[in-house]
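Reader: I would like to learn how to read a fold from its coordinates. Can we take it feature by feature?

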Amino acid sequence: MARLRRRLGAAGLALSLLLAILVGYRALVQTAGPRPAVPPGADVRPPPRTPRPAGLVQAGNSKTTCVYVKDTSFDLAAAVRSAERATGVRFSCLEAYDTSDVTWSAWTDPWVTKPQYGYTSWLAEAPRRHTVVLALNLVPDDVTTHSNWRSTCASGAYRPYARALAARLVATGFEYSVLRLGPEMNGNWYPWGQGHVTPASYIAAWRRMVTVFRRAGAANATWLWDVNANITGGYPVAPWWPGAEYVSEVGVDGYYTRPQDTFSSIFGSTISAVRALTGKPVLIAETANGPDSGAEREAQIRGLFAGVK
């Protein structure tokens with residue numbers, strides 16, 4: 001899916017970013033599935049949480065409008081205002097990617113937390129209303145070049161870095177961030193995904209990260225377990241499920257690449273598979289349609305809106 005995002009490029013994203021992304025934070029609440037058992041001795045009890053700010057996604061049928069600003073070379077606040085004027089929507093959520101960190105020092109100090117990029121000031125404008133959906137690699141790129149990184153991760157040796165990240169996010173106003181950790185693990189294009197690690201090792205790393213954050217005073221973070229749409233049947237989601245105690249919301253990434261693609265054909269089977277696991281809110285975390293969709297692009301966007309209602 002990462003390769004597909006690059007292939008679609010600006011032409012494919014331009015039409016959908018101001019339209020389709022508006023539905024990117026839609027909670028679809030259905031009947032809960034079976035509740036996974038908690039492993040013996042698991043620490044899943046977070047400290048008391050501060051009440052969620054009004055306007056963020058909560059349990060129930062809710063909607064928050066979210067936008068992704070790709071170019072950070074200009075004023076972020078001005079870019080958001082421009083998007084609001086173009087769409088007539090007031091955005092309370094920004095989507096950001098911190099998925100190119102090479103070292104632990106970069107991973108624990110995400111670029112979005114640096115004042116020059118505008119995210120910290122945008123959050124400070126309305127700290128009880130604004131939030132950021134932040135995509136993070138499971139581990140930095142250089143870690144995955146070492147053959148023993150999986151066993152080192154499984155041993156818990158990376159906990160200090162998780163604590164440092166939690167402290168950094170809280171200190172810079174990202175306390176209520178939606179953390180999209182190690183996304184699309186059911187695909188085979190990331191080093192923490194299918195064919196590179198076992199589901200059990202991914203689940204252990206996910207649970208450890210959540211537990212560290214809870215113990216480090218970052219209990220207000222929202223955990224978005226984000227899968228790739230299982231369109232072909234080769235990317236099952238169930239083996240990678242960490243358990244309801246470790247997940248706040250579920251995201252699904254899927255792209256329209258052919259004229260015949262519909263909301264049902266892209267997302268339907270994956271949402272059904274998620275619903276067999278949990279009743280947690282489901283959102284479309286990433287989507288777009290590209291030039292290959294041809295004359296059906298507008299119809300696909302209308303179908304996307306209809307599909308999330």
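Author: Start with burial. A residue counts as buried when its relative accessible area is under 20%. This is a predicted model. Tyr-119 has 1% relative accessibility, so Tyr-119 counts as buried.

Reader: Is Trp-104 buried or exposed?

Author: Trp-104 has a relative accessibility of 13%, so Trp-104 counts as buried. Trp-104 is found in helix α3, residues 104-107.

Reader: Which residues does Trp-104 touch, leaving out those up to four places away in sequence?

Author: Trp-104 touches Val-139, Pro-140, Val-143, Tyr-158 and Tyr-161. Take also Trp-104 and Leu-165. They are 61 residues apart in sequence, yet their C-alpha atoms are 9.7 Å apart in space.

Reader: Now the sheet. How do strands pair in general?

Author: Strands of a sheet pair through backbone hydrogen bonds, parallel or antiparallel. Here 7 strands form an open sheet with parallel pairing. The order is β1-β2-β3-β4-β5-β6-β7. At the edges stand β1 (66-68) and β7 (282-286). Each has a single partner strand, so one side of each is left without a neighbour in the sheet. On average, neighbouring strands of this sheet are turned by 30° against each other, direction ignored.

Reader: Which bridges involve β3?

Author: Strand β2 (residues 93-98) pairs with β3 over 6 bridges, in the parallel sense. Tyr-97 has Ala-135 of β3 as its bridge partner. Another 4 bridges join β3 to β4, again parallel. There, Leu-136 has Leu-181 of β4 as its bridge partner. Next, β4 (residues 178-181) and β5 (residues 222-228) pair over 2 bridges. Leu-179 is partnered with Trp-223 in β5.

Reader: How many residues of β3 are buried?

Author: In β3 (residues 131-136), 6 of 6 residues are buried. Thr-131, Val-133 and Ala-135 point one way. Val-132, Leu-134 and Leu-136 point the other way.

Reader: What about nonpolar cores?

Author: In soluble globular proteins, nonpolar side chains tend to be buried together. The largest nonpolar core here has 70 residues. Those with the most contacts inside it include Val-132, Trp-223 and Phe-267. Helix α7 (residues 199-215) gives the largest share of this core, 7 residues. Apart from it lies another core of 7 residues, among them Cys-66, Cys-93, Val-133 and Leu-224.

Reader: Where does Phe-267 sit?

Author: Phe-267 is one of the buried residues of helix α8 (residues 263-275). Others there include Phe-263, Ile-266 and Ile-271. The cover over the buried residues of α8 includes β5, β6, β7 and α9 (297-307). Beyond its neighbours within four places in sequence, Phe-267 is in contact with residues including Val-252, Tyr-256, Ile-284 and Leu-304.

Reader: How is an aromatic pair described?

Author: By the distance of the ring centres and the angle of the planes. A search of the whole structure finds 16 aromatic pairs. Trp-111 and Tyr-119 form one that is edge-to-face, at 5.5 Å centre to centre and 85° between the planes. Trp-189 and Tyr-235 have ring centres 5.3 Å apart and planes at 80°, so this pair is edge-to-face. This pair links distant parts of the chain, 46 residues apart. Trp-189 is in the loop between β4 and α7, and Tyr-235 is in the loop between β5 and β6 (249-253). Trp-189 is buried, with 15% relative accessible area.

Reader: Which residues do ring pairs link into a cluster?

Author: Tyr-202, Trp-206, Phe-213, Trp-223 and Trp-240. Trp-223 is also the bridge partner of Leu-179.

Notes
Residues numbered from 1 in each chain as written. Heavy atoms only, no water. Pairing = 2+ DSSP bridges. Axes fitted to C-alpha atoms, helices over the stretch in contact; angles between N-to-C directions. Buried < 20%, exposed > 50% of the residue type's maximum accessible area, 1.4 Å probe, protein only. Contact = heavy atoms within 4.5 Å. Core = buried A, V, L, I, M, F, W, Y, C linked by side-chain atoms within 4.5 Å. Phe/Tyr/Trp six-rings, centres within 6.5 Å; stacked < 30°, edge-to-face > 60°.
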